[in-house]
Amino acid sequence: MSQQDGADPGTAVERVESEVPSTGIAVVDESDRLENPGFPPFRPRISDVDPEKDRQNSRRVSWLFLASIVGSVFAIVAYIVFPIELGNLGSVRLNTLFLGLGITLGLLGIGFGAVHWSKTLMDGHDLVESRHPTRGSDATRARAAEIFTLGNEESGFTRRKMIRNTLIGALVVSPLPAVVIFRDLAPAADPVPLLKHTLWAEGVRLTRDPSGVPIRASDVTLGSVFHVIPEGLNESEDRLEEKAKAAVLLVRLRPGDLNVSPGREDWNFRGIVAYSKICTHVGCPVALYEQQTHHLLCPCHQSQFDMTNQAKVIFGPAKRPLPQLPITVDDEGYLIARSDFLEPVGPSFWERSL
Amino acid sequence: MTVEIHHPVKETTDTVPPGPGMRLTNWAANYVEDRTSLSGFVKELGRKIFPDHWSFMLGEVALYSFIVILLSGTFLTFFFQASMAEVTYEGSYPALKGLDMSAAMASTLDISFDIRGGLLMRQIHHWAALLFVASIGLHMLRIFFTGAFRKPREINWIVGFLMFVLAMLEGFTGYSLPDDLLSGNGLRIIDGLIKGIPIVGTWTSYLIFGGEFPGNDAVGRFYSVHILLGPAILVALIGVHLILLIVNKHTQFAGPGRTENNVVGVPILPVFAAKAGGFFFLVFGVITLVAATVTINPIWNYGPYDPSPISAGTQPDWYIGFADGALRLIPSGWEFVIWGYTLSLNILVPVIVLGLFLVVVAIYPFVEAWITGDKREHHIADRPRNAPTRTAIGAAGVTFYAGLWAAASSDLIATHFKLTIEGVTLGIQIATVLGPFAAYFIAKRICIGLQKKDREIALHGYESGRIVRLPGGEYVEVHEQLSEYDRWKLVSFDDYTPLMIRPDKRGRITVTQRVRAALSRWFYEDRIAPVSKGEIEAAHGEHH
């Protein structure tokens, strides 16, 4: 690697006479470069020299195109002779398969035929085209500049500053209504209060998801898991929106296994605990319960929550424990909520703690 | 535009006399010509030259799979109902009969089970979409590793990058349309992701979903984006992409006779048209074959969306994997409350990191041009080994992406190989952070090793496998010299040295200049010079 003045790259200080520092692309001296040997001689293909091969390839191409016709016709036939019979899933499979295979043959026949034709029979010589710099010629650019100058002079675009500036102002302001009219993509009400409340309230029964059958405390045996929705959710107008906040997971642990923090002593009922099923990370249902370890696992991003420890996060990207739903039983022995959740459920949002 | 035919000169006649049966063609050509002067267009483009290399077809795959997507998608729009209105399913699939679901889900089931060819078209559409994003990605890697993004093609790189992002958006919106359990959970993740963005997150989610998640509007809105906005912008960008391709002409790999000032290859008419046109049918045919035989996105197994159930081992479509994986890799506890506001770094960090990654991809051509100070046009594509630092940067980027992508399957890796999910996650965390550095150094070493091998072969030929006993009893293996045409492929690349720091007129050396010189040194320091004429002569002197 030769350097113009023999100094180490990057350390040599060389004076140049321009105000702007040279961009200094340093391509190494080319005088000792090998020269381009030019185009290699043309190597004829077998079909260029052997007329029999030429005819053979020509026949092959025609056969491929004929196969394509057969395939397309077969697809139409398959559409008719493999109908979908109501309730018969096998017929769906046959219809898809044979229709698809027919279309495949119709397409591949054309494809292979055309490519084979181009590779074996069409003229095989490489051609050369010269390149020109992408930048237009001096004359072209001069004319383009002249046109802009004329346009400017004839319209007075830069001379009539008042017109120009008001036009720019008008163009900037005119799209604003198009932004504003999208306001009604969402209802007028503030979303934050909605996110902080669910269908749970004092006395609302815990019912099975999705049937809505109320759950007795005595039904909840040790180690069993219940997927729970509030009573009346299925009749609610915003069923899915409410369910996305109110879904709860219910398990019974030995009361001795439970670590209960002060203030939450009466939130469980004889070891039966209810936690929000909506992950505090990005909101997937935390639906996988490991009976042996009492861990809940979110299948989306693998956050794990410890049910014995107030659903604290023990692994994964979630930060906050799953909110606990305070529960008790009513006089008929059914599990009921003591109140709504005392904090917003589901994924975090900016105004969550306000 | 001159088209010259090189050796051996092939005789062609410029005017073809009309043969029998061509009267109609002539008449039609004249009719159109009188009204459009189309002949000028044909004259300019009809014999345009396209160089040939297998890697040049990756972009074609992307273009053709997009056409397949448009065709199959149009069929689907005739049957799909983009509505979240609740209906009771009464179609043919027995397991879901009588269930309440959105009209979108019900009509998707009808397309799958009650309309002949409907399932085939759905599967063609989905497979083609997967192939579309994949081929754009591979096409971009080809462009990157061969330096084909250099001047004058930087703008086309940006256009292509925008199409890549748009393709992912199209994929995700399409994936969400059937309103099944899997896509609904995907939307739920997007909702959680948006809500985690400071200040504007809550309202943005509220506006997108038309109220609280999931709302009744998402499918209809995504439909407009998916079938109107997205495709319209994509078609426009494809137009720009192809026009720039024609203006800049295609790059070519180095080869005998090929220079920066010519394009060597086949003309559009007839060879390229036949090859490329045939290739469209091949791509379409292969997609159809896969769609006819391999099930994709069986929404009937997932059921309609409901915020409560979920299946284990949920996976997004492959191209969303890197984003999902980034979410999984964040360790616990990255969320803070500051002055009452909740700052979700467990969401913000992956969003920012992915954003930065994409920005780096988009602006790389300009960064490299600045570091190298190279303002010349480049039409000969680099072999990756001849730009070791760029190749190493690319390898690092690919490794980083692969780490994120692997993370999206961390649960499946854990169950499949009987490992703990904690261990797998930790392993991928380490691989994603340290892997790119390892990949950088390994790739660079491999490149330089390959360059050394090329040098060796160019100078001394290749081992012929022929052992000869010399009169003195010594055995040697005869080295066979390359032909000058083959050798040219190994030696025809530019050699660069790092920039020197140059003071301006007043003798100042700016900080920018120093940074740039340091980066240039980093970029060009480890480089093997191409074999020179003198070296060849010297090497041959030894042998003869």
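**Figure 1. Ala287(A) and its surroundings.** In this predicted model, Ala287(A) touches Lys277(A) and Pro299(A) as well as Pro309(B) and Ile310(B), leaving aside residues up to four places away in sequence. To find Ala287(A), look in the loop between strand S6 (272-276) and S7 of chain A. Is this alanine buried or exposed? Ala287(A) has 20 C-beta neighbours inside 10 Å, and residues with 20 or more count as buried, so Ala287(A) falls in the buried class.

Figure 2. Which residue of S9(A) is the bridge partner of Leu296(A)? It is Phe305(A).

**Figure 3. Where chain A meets chain B.** The contact involves 104 residues of chain A and 128 residues of chain B. On the chain A side, the elements giving two or more residues are strand S1 (26-27), helix H3 (89-120), strand S2 (127-130), helix H7 (191-195), helix H8 (239-246) and strand S10 (312-315). Which of these gives the most? That is H3(A), with 18 residues. Sorted by class, the side of chain A that touches chain B has 61 nonpolar, 26 polar and 17 charged residues.

**Figure 4. A strand pairing across the two chains.** Here S2(A) pairs with strand S6 (residues 262-267) of chain B in the antiparallel sense, over 4 bridges. As a reminder, strands of a sheet pair through backbone hydrogen bonds, either parallel or antiparallel.

Figure 5. Chain B has 19 helices and 12 strands, and its C-alpha atoms fill a box of roughly 90 × 75 × 65 Å along the principal axes. Of its 544 residues, 43% count as buried. Among the contacts in chain B with a separation of 6 or more, 72% come from residues 24 or more positions apart.

**Figure 6. The kinked helix H13 of chain B.** Helix H13 (residues 345-372) of chain B has a kink of about 60 degrees at Ile363(B), shortly before the proline Pro365(B). That proline is one of the buried residues of H13(B), which also include Asn346(B), Ile347(B), Pro350(B), Glu368(B), Ile371(B) and Thr372(B). What covers them? The cover includes helix H6 (154-176), H7, helix H12 (321-329), H14 and helix H18 (511-524) of chain B. Just after the helix, Gly373(B) takes a positive phi of about 65 degrees.

Figure 7. Helix H14 (residues 388-407) of chain B has 20 residues and spans 28 Å from its first C-alpha to its last, close to the 28 Å expected at 1.5 Å a residue. H14(B) is mostly covered, with 15 of its 20 residues buried. Helix H7 (residues 181-195) of chain B packs against helix H8 (residues 201-209) of chain B at an angle of about 145 degrees, with the axes 7 Å apart. H7(B) contributes Asp191(B), Ile194(B) and Lys195(B) to this contact, while H8(B) contributes Gly201(B), Thr202(B), Thr204(B), Ser205(B), Ile208(B) and Phe209(B). By class, these are 3 nonpolar, 4 polar and 2 charged residues.

**Figure 8. The S10-S11 hairpin of chain B.** Strand S10 (residues 462-469) and strand S11 (residues 475-480) of chain B pair in the antiparallel sense over 5 bridges. They form a hairpin with 5 residues between them, and Gly473(B) in the turn has a positive phi of about 100 degrees. In S11(B), Glu477(B) is the bridge partner of Ile467(B). How many of the 8 residues of S10(B) are buried? The number is 0, so S10(B) lies largely in the open.

Methods: Residues numbered from 1 in each chain as written. Chains lettered and ligands numbered in written order. Predicted model: local features only at pLDDT ≥ 70, side-chain atom pairs only at ≥ 80, totals over all residues. Contact = placed C-beta atoms within 7 Å. Nonpolar A, V, L, I, M, F, W, Y, C, P; charged D, E, K, R; others polar. Pairing = 2+ DSSP bridges. Axes fitted to C-alpha atoms, helices over the stretch in contact; angles between N-to-C directions. Buried ≥ 20, exposed ≤ 12 C-beta atoms within 10 Å, placed from the backbone. Expected span 1.5 Å × (residues − 1). Bend = angle between axes of the 7 residues up to and from the residue.
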